[in-house]
Amino acid sequence: HIADCMAAAIRGKGRVGLLGTEPTMRDGSWLKSRLALHGIEVCCPGEEADRRRCYDIICQELSYDVFTEASRSFFVELVRRLHRVEGATAGVILGCTEIELLVKQADVPDVPLYRSAE
């Protein structure tokens, strides 16, 4: 299971952030639940508007091969906020393969990124 592989990479490093579609970030989601079985605490963007914008960018842009600098900046800022403000000390899971096409480790070299497709 993909979450088991992610858990192995994250275990012992602290709390991890998660970005993805609204269903993936929702409490009780399959990914969050499976990570919790491994003792991994997950945090997501706290603001509803941020979660909605993530979902909109994924569904209305990235799924159609539309990659804008504004959307990249938005996701990079969310990654940094999860890491610095929300306490995602282990880094951030890019829980949607489309996000991985937009945001690269070089965009946030100070925050470990976990790509769900790896």
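Me: How many residues are in the largest nonpolar core, and which have the most contacts inside it?
Reply: In this predicted model, the largest nonpolar core has 37 residues. Those with the most contacts inside it are Ile 10, Val 16, Leu 19, Leu 35, Phe 75, Ile 93 and Ile 99.

Me: What gives the most to this core?
Reply: Helix H5 does, with six residues.

Me: Take Leu 35. What is it in contact with, leaving aside neighbours within four places in sequence?
Reply: Ala 3, Met 6, Ala 7, Ile 40, Val 42 and Ile 93, once those sequence neighbours are left aside.

Me: On to the sheet. What order do the strands have?
Reply: S2-S1-S3-S4. The sheet is open, has four strands and pairs in parallel.

Me: Which are the edge strands?
Reply: S2, residues 42–43, and S4, residues 113–115. Each pairs on one side only.

Me: And where does H5 pack?
Reply: H5, residues 69–84, packs on the sheet and touches S1, S2, S3 and S4. Its direction makes about 155 degrees with that of S1.

Me: How many bridges join S1 and S2?
Reply: Two, in the parallel sense. S1 covers residues 16–19. Val 16 stands opposite Val 42 in S2.

Me: New topic. Where is Lys 13?
Reply: In the loop between helix H1 and S1.

Me: What does Lys 13 contact, neighbours within four places aside?
Reply: Thr 89, Ala 90 and Tyr 114, with those neighbours left out.

Definitions and conventions: Residues numbered from 1 in each chain as written. Predicted model: local features only at pLDDT ≥ 70, side-chain atom pairs only at ≥ 80, totals over all residues. Heavy atoms only, no water. Pairing = 2+ DSSP bridges. Contact = heavy atoms within 4.5 Å. Axes fitted to C-alpha atoms, helices over the stretch in contact; angles between N-to-C directions. Core = buried A, V, L, I, M, F, W, Y, C linked by side-chain atoms within 4.5 Å. Buried < 20%, exposed > 50% of the residue type's maximum accessible area, 1.4 Å probe, protein only.
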